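Hi,

Here is the structure I promised to pass on. Have a look at it first, and then read on for what turned up.

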Amino acid sequence: MYNDILDFCFDEVGSEKFFEKDIAFDQLLIERYSGILEQAAAVEFYTWRSSIKGRLAEIIILDQFSRNIYRDTPAAFAQDAMSLALAQ
């Protein structure tokens with residue numbers, strides 16, 4: 001599943017899309033990935049951490065998807081500590 005996350009980010013939409021304020025893109029992420037974000041925040045994907053790609057996907061979900069899914073709310077930053085720890 002983590003390959004699907006990476007394909008979406010780097011092939012389907014491109015990483016620059018995450019740095020634009022785009023309500024339609026935010027809605028797409030909400031529809032496709034809000035459940036995945038909730039699972040990642042509950043540490044349900046800890047097994048992904050054994051591979052570099054899996055760890056990267058988990059970081060992207062926690063750090064970037066949360067910014068779009070919860071835009072303009074404190075929840076957008078709720079997973080920062082976990083994503084930082086994974087990046088270290």
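Predicted model: local features only at pLDDT ≥ 70, side-chain atom pairs only at ≥ 80, totals over all residues.

Helices here are DSSP runs (H or I, at least four residues), numbered from the N terminus. The axes of α2 and α3 come within 9 Å and cross at roughly 135°; axes are lines fitted to C-alpha atoms, for helices over the stretch in contact, with angles from 0 to 180 degrees between N-to-C directions. That makes α2 oblique to α3, oblique being whatever is left once angles under 35 degrees (roughly parallel), over 145 (roughly antiparallel) and 65 to 115 (roughly perpendicular) are taken out. Among the residues that meet are Phe25, Leu29 and Tyr33 in α2 and Ile61, Leu62 and Phe65 in α3, contact meaning heavy atoms within 4.5 Å.

α1 also passes α3 in a left-handed crossing. Their axes come within 9 Å and cross at roughly 60°, so α1 and α3 are oblique to each other. On the α1 side the contact includes Ile5, Phe8 and Phe10, and on the α3 side Ala57, Ile61 and Phe65.

**The core**

The largest nonpolar core has 21 residues. Such a core is a set of buried Ala, Val, Leu, Ile, Met, Phe, Trp, Tyr and Cys residues joined through side-chain atoms within 4.5 Å, where buried means under 20% relative accessible area (1.4 Å probe, protein chains only). Ile5, Phe8, Leu29, Tyr33, Ile61 and Phe65 touch the most other members. Two or more residues come from each of α1 (2-13), α2 (23-41) and α3 (52-69), and α3 gives the most, with seven. Beyond its neighbours within four places in sequence, Ile5 is in contact with Tyr33, Ile36, Trp48, Ala57, Ile61 and Phe65.

**One more residue**

Glu12 is also in α1. Not counting residues up to four places away in sequence, Glu12 touches Asp7 and Arg32.

Cheers

Notes: Residues numbered from 1 in each chain as written. Heavy atoms only, no water. Buried < 20%, exposed > 50% of the residue type's maximum accessible area, 1.4 Å probe, protein only. Left-handed = near helix turned anticlockwise from the far one by under 90°.
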